[in-house]
Amino acid sequence: MTDSCRQLAVDLASRFNGEIINGDAMQMYRGLPIITNQIPTEERNGIPHHLLSCIDLDAEPWRIGLFKREALRVIEDIHTRGKVPILVGGTHYYTQAVLFKEQLVGEGVDSEGEREQITEFSSSSKKWPILDSPPEVLLEKLREVDPVMAARWHPKDARKIRRSLEIYFQTGRQASEIYKEQFSQKRKAIDQEQGLLRFENTLVFWVHAEKEVLNARLDARVDDMVKQGLMAEAEKMSDYLQEKASQGIEVDQTRGVWVSIGFKELAPYFKAIRDGEASEKEIEDLKRNSLELIRIATRQYGTSQVKWIRNKLWQALREAGETHRLYLLDSSNVSDWSKCITEPSEQIVQLMQQSKPTPDPKSLSQLAMTEFGAKEAQAQKRVQTDPIGKCYTCDVCEKTMASEDQWHIHLRSHRHKSGLKSASKRAQRDEYFRKKELEAQAAQATQAPETESVS
C-alpha cells in the first residue's frame with residue numbers, strides 16, 4: 001500500500017472508530033517491515049492492524065481463497081464489536097475478492113462445502129508436466145481443450161494461457177465455460193436487483209496523483225527505504241537463503257515474499273559480495289544499478305496498480321451499477337492534504353453513515369473529472385455482452401492485441417496508418433509489374449513466328 005493510502009486509512013479509522021485490515025500480500029510477512037513498506041507502529045495512532053506481519057518467511061503464500069476467508073472473518077469480528085472495518089490494499093485481486101460476492105475462477109469453493117483446493121502452479125506442473133512447456137506448446141494444447149480461451153489470450157501471454165490450462169486440468173471443465181457461468185450469474189443478480197457488492201455500505205477511496213508527481217514520490221520512497229535499512233533487510237533474506245541451501249533445502253524464489261520489489265533486484269549484488277571476485281568499484285556499480293532497478297520496478301508496479309483500478313475495479317463496479325462508490329482523492333499537492341483528502345473523505349463517510357446522498361465522484365477535483373469522465377464516455381460506447389472476449393491480429397502490422405479497446409486504439413495509431421500506406425504502395429507496385437508482365441506475354445503471343453524462305 002502507498003504511504004498516502006495508509007495515512008488516509010489511519011485518519012478515517014481514528015475519526016470513525018475503525019480498525020484496519022491489510023490487503024497487501026507482501027506485508028503479511030513478518031520481520032521485513034521496510035522492504036514490504038509496512039506502516040511503522042508509531043504512525044498507527046493506536047489503531048489495530050489485522051493480517052499485517054502475520055506469517056513467517058517459510059510459510060506458504062496465501063491463496064486468494066485463504067485471504068478472502070480470513071479477511072471476512074476479521075471483518076465480521078470488527079462488525080460485532082461495533083467498529084468500522086477499513087480494508088487497505090496493494091494486492092488488488094485480494095481486496096476485490098473481498099469486496100465482491102462473485103467467486104474468482106480457480107479460487108476454490110471455500111464456503112460451499114466442496115473444499116476443492118486449487119494448488120499453486122509449482123505443484124500443478126509436477127502433476128501436469130505440460131504446464132512447464134513453452135508458450136506455443138501451451139497455446140496449442142489450450143486450442144485443443146478450450147478453443148474459446150485460446151482465442152482470448154495473446155500468444156506470448158504464457159501466464160494466462162497456463163492458468164486457463166491449469167483450470168481445465170484441475171476442474172475438468174473449460175475455463176471459458178466457468179467464466180460464462182459466472183457472467184450469467186452476475187447478470188441475473190443485476191436483473192433481480194441483487195447487489196454484487198458483498199457489503200451494502202461500501203466506499204472505495206483511491207488516493208491518486210498526477211503521473212509525474214507520483215513517480216517522483218515513488219523514487220523518493222525508495223531512497224527513504226534505503227536510509228531506513230532496506231539493504232540490511234535484503235541481506236537478511238539473502239543470508240536466509242544461503243542457510244537453507246547449506247541444509248539442502250531449496251526455497252522457491254518465484255513466489256511469496258521472494259518476488260517482492262527490493263530483494264530480487266539486489267540479489268546479484270549480494271552474490272557478488274559472497275563470491276569475492278569483484279572489485280570494490282564493480283561492487284559499488286552493482287549496488288547503484290540494483291537500486292535504480294528497484295526505482296524502475298516500483299514505478300512500474302505503481303503504474304500496474306493504477307491500470308487495475310481503471311480497468312478491472314472500474315469494470316467490476318460498473319457491472320454492479322456501483323461506480324458512484326469509487327472516489328478519487330487528488331494527492332498531487334500534499335500541502336493541501338486536509339482540503340483534498342481529509343475533509344472530502346470524512347464528509348463522504350458521514351453522509352453514507354447518515355443514509356444521505358453522497359456527491360458525484362467527478363465533482364471532487366479536476367483529476368477525478370478527467371479520470372471518471374473518460375471511463376463513463378467509454379462505457380457508453382459499448383456494453384459488455386461477451387464475458388470472454390478475444391484477441392485481434394492485424395495482418396498488416398503483424399501485431400496481436402489482447403482486447404477490443406487495444407484493437408481500436410491500434411487502428412487509429414500512426415503505426416497502423418503507415419502500415420496501410422506501405423501495404424497499399426506494395427500492392428500498387430505489384431499490380432504495376434503484374435500488368436507489365438501480362439502485356440509482355442500478350443505481345444509475345446501476337447508476334448508471328450519468323451521463318452526462313454527456301455528457293
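**View 1. Buried arginine R295 in the predicted model.** In this predicted model, R295 counts as buried because its relative accessible area is 18%, and buried means under 20%. R295 belongs to helix α12. Leaving aside neighbours within four places in sequence, the contacts of R295 are D219, V222 and D223.

**View 2. The largest nonpolar core.** This core has 38 residues, and F67 and W258 touch the most other members. Helices α2 (64-80), α3 (92-99), α9 (211-228), α10 (230-246), α11 (267-275) and α12 (280-319) each supply at least two of its residues. The core lies between domain 1 (1-115 + 192-212 + 302-383) and domain 3 (213-298), because both domains give residues to it.

**View 3. Surroundings of F67.** Not counting residues up to four places away in sequence, F67 touches N22, G23, M28, L51, W62, L87, Y94, T95 and V98.

**View 4. The stacked pair W128 and F169.** The whole structure holds 11 aromatic pairs. One of them joins W128 and F169, whose ring centres are 5.5 Å apart and whose planes stand at 20°, so the pair is stacked. W128 is in the loop between α4 (121-127) and α5 (135-145) and F169 is in helix α7 (residues 158-171), so the pair ties together parts that lie 41 residues apart in sequence. W128 and F169 are both buried.

**View 5. The edge-to-face pair Y269 and F270.** The rings of Y269 and F270 form an edge-to-face aromatic pair, with 5.1 Å from centre to centre and 65° between the planes. Y269 counts as buried at 12% relative accessibility, and F270 counts as buried at 6%.

View 6. Of the 5 residues in strand β5 (residues 326-330), 5 are buried. In a regular strand, side chains alternate between the two faces of the sheet. Both faces of β5 are covered, with buried L326, L328 and D330 on one side and buried Y327 and L329 on the other. Strand β4 (residues 204-208) pairs with β5 in the parallel sense over 5 bridges. One of the bridge partners in β5 is D330, which is paired with H208.

View 7. N17, a residue other than glycine, has a positive phi near 60°. Its place is the loop between α1 (3-15) and β1 (18-22), and N17 is partly exposed, with a relative accessible area of 43%. N45, also a residue other than glycine, has a positive phi near 55°. N45 lies in the loop between β1 and β2 (49-50) and is exposed, with a relative accessible area of 53%.

Terms used. Residues are numbered from 1 along each chain as its sequence is written. This is a predicted model: local features need pLDDT of at least 70, side-chain atom pairs count only at pLDDT 80 or more; totals for chains, interfaces and linings use all residues. Side-chain values use heavy atoms; hydrogens and water are left out. A nonpolar core is a set of buried Ala, Val, Leu, Ile, Met, Phe, Trp, Tyr and Cys residues joined through side-chain atoms within 4.5 Å. Buried means under 20% relative accessible area, exposed over 50%, partly exposed in between (1.4 Å probe, protein chains only). Helices (H or I, at least four residues) and strands (E, at least two) are DSSP runs, numbered from the N terminus. Domain bounds come from an automatic or database domain assignment. Contact means heavy atoms within 4.5 Å. Rings of Phe, Tyr and Trp (its six-membered ring) pair if their centres lie within 6.5 Å; planes under 30 degrees apart count as stacked, over 60 as edge-to-face and the rest as tilted. Two strands pair if DSSP finds at least two bridges between them.
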